[in-house]
Amino acid sequence: MKQIEKHASFSGWQYVYEHNATTLNCSMKFAVYMPPCEPSEKLPVLYWLSGLTCSEQNFISKSGFQAYAAQHKVIVVAPDTSPRGEQIADADQYDLGQGAGFYINATQMPWQSHYQMYDYIVLELPKLIYQHFPTNGKKSIFGHSMGGHGALIIGLRESAQYQSVSAFAPIVAPSQVPWGQKAFSAYLGQNQQQWKQYDASELMTSDHLPILIDQGLADPFLKEQLKPELLGIDVNYHEGYDHSYYFIASFIEKHIAFHAQYLK
């Protein structure tokens, strides 16, 4: 694990690391915000999953989350959205290939060799964080758009591992919308029964973890790609807000406070 960035932020430190990811068979970057704390303190971890075309940089430079992570003493981890590199399968399209991992384990070639993002987020990355940072073992997860989809499916499938889940403008029913259908067809093949294991609208149960969802009503993807009403739970709608990081920055304080109450 190699440190490639370090920035002082709200009396804590914003780091970016690079490491060889065995689940993805490539080098990966991830960001870690370490809030100010005593040397002996053990802290909870909040995982952020970004959306299409993003890397670990978008969230740490645009959302302003560091002030609230420092206030609540939460370690925040933000991985990249897919495997990267010249040897990694890609497509000349923003919604497939590098930058569009969809947080699933691909079963189809050429994607299968590297696109095992579900296992990377659920298994490999938390183990690495636990080994190198002062964590108390508690963790929650949140994300935006494709990352909101990732946070929801992980929170619903791995509920014993997480305390809470939240999302900004998530893709809640990928099996029913163009973004998800395109990605799932490529990564998982045409058996739509297999798609259901990565579809939050299919995974939702009455005894789910605490969930918070915010959605802008001026989001251009709302009706065709996101369809939050298909999740079957309460969604907080906001007039005038779109799909951008202006929206995320406006409500990030609420989301971190939401998770902090369950991570204590």
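A: Let's start with lysine 182, which forms a salt bridge with aspartate 95, their closest N and O atoms being 2.7 Å apart. (A salt bridge here is a side-chain nitrogen of Lys or Arg within 4 Å of a carboxyl oxygen of Asp or Glu.) This pair links distant parts of the chain: lysine 182 is in helix H5 (residues 178-188), while aspartate 95 is in the loop between S5 and helix H3 (117-132), 87 residues apart. Helices (H or I, at least four residues) and strands (E, at least two) are DSSP runs, numbered from the N terminus.

Keep in mind that this is a predicted model, where local features need pLDDT of at least 70 and side-chain atom pairs count only at pLDDT 80 or more, while totals for chains, interfaces and linings use all residues. Residues are numbered from 1 along each chain as its sequence is written, and side-chain values use heavy atoms, with hydrogens and water left out.

How covered are the two partners? Lysine 182 is partly exposed at 30% relative accessibility, whereas aspartate 95 is buried at 9%. (Buried means under 20% relative accessible area, exposed over 50%, partly exposed in between, with a 1.4 Å probe and protein chains only.)

The whole structure has four salt bridges. Another one brings together aspartate 214 and lysine 254, at 2.8 Å from N to O. Here strand S8 (residues 211-216) supplies aspartate 214 and helix H9 (residues 245-263) supplies lysine 254, 40 residues apart. Aspartate 214 is buried, at 0% relative accessibility, but lysine 254 is partly exposed at 35%.

Then there's lysine 73 with glutamate 41, a salt bridge of 3.1 Å, N to O. Lysine 73 is in the loop between helix H2 (66-72) and strand S5 (75-79), and glutamate 41 is in the loop between strand S3 (26-34) and strand S4 (43-49), so the pair ties together parts 32 residues apart in sequence. Both count as partly exposed: lysine 73 has a relative accessible area of 33% and glutamate 41 comes in at 23%.

Now for S5 itself. Five of its five residues are buried, so the strand is largely enclosed by the rest of the structure. Ile75, Val77 and Pro79 point one way, Val76 and Ala78 the other. Two strands pair if DSSP finds at least two bridges between them. S3 and S5 run antiparallel, joined by four bridges, and alanine 31 has alanine 78 of S5 as its bridge partner. S4 and S5 run parallel, with three bridges; there leucine 46 partners valine 76 of S5.
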